[in-house]
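Here is a short report for a reader new to this structure.

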Amino acid sequence: MKDADKSVDNRPTDSFTLTDNSTNETWTIPGRVGKMGNRLIDIKSLYGNTGLLTYDPGFTSTASCRSSITYINGAKGVLLHRGYSIDELASKSDFMETCYLLLYSELPTPEQLTSFTNDIKHHTLIHEQLARFYQGFMRSAHPMAIMVGVVGALSAFYHDNTDTTDIAHRRLAAHRLIAKMPTIGACAYKYSLGLPFPTPRNDLSYSENLLQMMFSNPAEEYKINPVLARAIDKILILHADHEQNASTSTVRLAGSSGANPYACIASGIASLWGPAHGGANEAVLKMLDEIGSADRVHKYIAKAQDKNDSFRLMGFGHRVYKNYDPRAAVMRDTCHEVLKVLGIHDPQLELAMKLEEIALKDSYFIEKKLYPNVDFYSGIIMKAMGFPTSMFTVMFAIGRTVGWISHWKEMLVDEEHRIGRPRQLYAGEKQRKYIPLDKRGHTSKKTSWSWLWGK
Ligand code: SDX
């Protein structure tokens, strides 16, 4: 794919001319530019002025909103949160500070960070009635199914007193969600093990608390491993936000109708679960298991290129990055660090590195600009820490909640925002007359069920 990126810095707003070649009618369409990034054609009034719609399934060329939270330059592998590079935040900041930055646009002062951290700590408990909600799930339920249900159920606890037009209510909803996600996730994990639900501890940092809620045993004292706590913190920072990805766009679309923020976050969790999105970290481990050994890597690299084979190299490729995902590089280094500290020699990491080495030299991956993404290494770290694969996307959701709720908040105060209501290309039947049942044909005995039940 030719380098389509036409990112610019601060160009003047220009305009474009659209010509209908069937009538030679022309229209001048206004342009837009952001602080950085690609120039845009502002089509807000296109339908009203021309009766024309644009068609862009998957929104490959469509900006759905304006945002100041995250900037990605996919061609250069750049990821900035409020202007700060992900590499700097991962190495110099921590997750609480990154949450403050995403929510409130600036790095906090020491006093602001203390106050914010304390506020988060005082919302980590969940209502006892909510804890009973888990009982409706089988112990074997996928923890992401539990997250969708339980986070959605929060909207039943905080509905009558949540006014999305009130800044204080928006802040409270944001803080509650950031605070409660680790507790809800850890309860889902403990529920699957038949163990008692954990209690958050305010004497610990956010990441230390997440570790203790996931892995502590009420019968014994739990010692925090500082290297693992730091690794968890980095994993959460790396997952905190990523511009208008599928789950964030889902939260924005749900929130655009004024829906309850807890229900909106539940919709983001549902979207994140898919293997093409946040479910890829779990899918990477399953893929590595299927590949099994380095001598089979070439076979799977070939499968990934076979148009008749639905196999994809999980953890590879990205809609925006056509260069190395900067998060994957940090994740890979953290992976080596954690495995070294734990003294683990994980053959899956060796296999993953062999797979990466071969794929990055393969002409198909080079031509399609497919590089490892954030999900390629994260699963190996989390597996080394003791998380079951089914919990990997829960960890992604815990990290991404601050991004989701920051975009939800930003959207509500953007005077340009309206309820999201895309149009379509209609491909169905033209209008036709109703046929009474006794006038319709009969299906023969041989007819296949698929025909009966539709495509
Ligand atoms: C995340 O959007 C975000 O920012 C997401 C995320 C975030 O932080 O929120 O970064 C997190 O979701 C990362 C992506 C995790 N998903 C995976 O690792 C699953 C494997 N990757 C692919 O399914 C795919 O790359 C996507 C879904 C990530 C991107 O899909 P696109 O942009 O729609 O690209 P595409 O499917 O149109 O692929 C373009 C071409 C196709 O070939 P052609 O039809 O042009 O011949 O590249 C091929 C694809 O077949 N391709 C792959 C591939 N990914 C794309 N071929 C083999 N293996 C792959 N992984």
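## The ligand and its shell

The model is predicted: local features need pLDDT of at least 70, side-chain atom pairs count only at pLDDT 80 or more, and totals for chains, interfaces and linings use all residues. Residues are numbered from 1 along each chain as its sequence is written, and side-chain values use heavy atoms, with hydrogens and water left out.

How many residues surround the ligand? There are 24, and the closest are H242, H318, R319, R327 and R400. A residue counts as near a molecule or strand if one of its heavy atoms lies within 4 Å of it.

A ligand nitrogen lies 2.8 Å from a polar backbone atom of L313. A ligand oxygen lies 2.8 Å from a polar backbone atom of G315. The side chain of R400 also takes part: one of its N or O atoms is 2.8 Å from an oxygen of the ligand.

On its own, the ligand has 1,000 Å² of accessible area, and the protein covers 77% of it. Accessible areas come from the Shrake-Rupley method with a 1.4 Å probe; for residues, only the protein chains shown count as cover.

## Domains

The protein is divided into domain 1 (2–63), domain 2 (88–225 + 232–271 + 391–413) and domain 3 (280–385). These bounds come from an automatic or database domain assignment. Which domains each give at least three residues to the shell around the ligand? They are domain 2 and domain 3. The C-alpha centres of domain 1 and domain 2 are 37 Å apart.

Helices (H or I, at least four residues) and strands (E, at least two) are DSSP runs, numbered from the N terminus. Two strands pair if DSSP finds at least two bridges between them.

Strand β2 (residues 15–20) and strand β3 (residues 25–32) are joined by six bridges. D20 stands opposite E25 in β3. The hairpin of β2 and β3 has four residues between the strands, and N24 takes a positive phi near 65° there. Two bridges join β3 to strand β5 (residues 40–41). R32 stands opposite L40, and G31 has I41 as its bridge partner.

## The sheet β6-β7-β8

Another open sheet has three strands in the order β6-β7-β8, again with antiparallel pairing. β6 (70–73) and β8 (84–85) stand at the edges with a single partner strand each, so one side of each is left without a neighbour in the sheet.

Four bridges pair β6 with strand β7 (residues 78–81). Y71 has L80 as its partner in β7, and I72 has L79. Four residues lie between the strands of this hairpin, where G77 takes a positive phi near 65°. β7 and β8 are joined by two bridges. L80 pairs with S85 in β8. The hairpin of β7 and β8 has two residues between the strands, and R82 in the turn has a positive phi of about 50°.

## Salt bridges

The structure holds 22 salt bridges. Each is a side-chain nitrogen of Lys or Arg within 4 Å of a carboxyl oxygen of Asp or Glu. D414 forms one with R66, with the closest N and O atoms 2.9 Å apart. This pair links distant parts of the chain, 348 residues apart. D414 lies in the loop between α18 (392–412) and α19 (449–452). R66 lies in the loop between α1 (46–50) and β6.

Key: A polar contact is a pair of N or O atoms within 3.5 Å; within protein, one must be able to donate a hydrogen and the other to accept it, and residues adjacent in sequence count only if both atoms are side-chain atoms.
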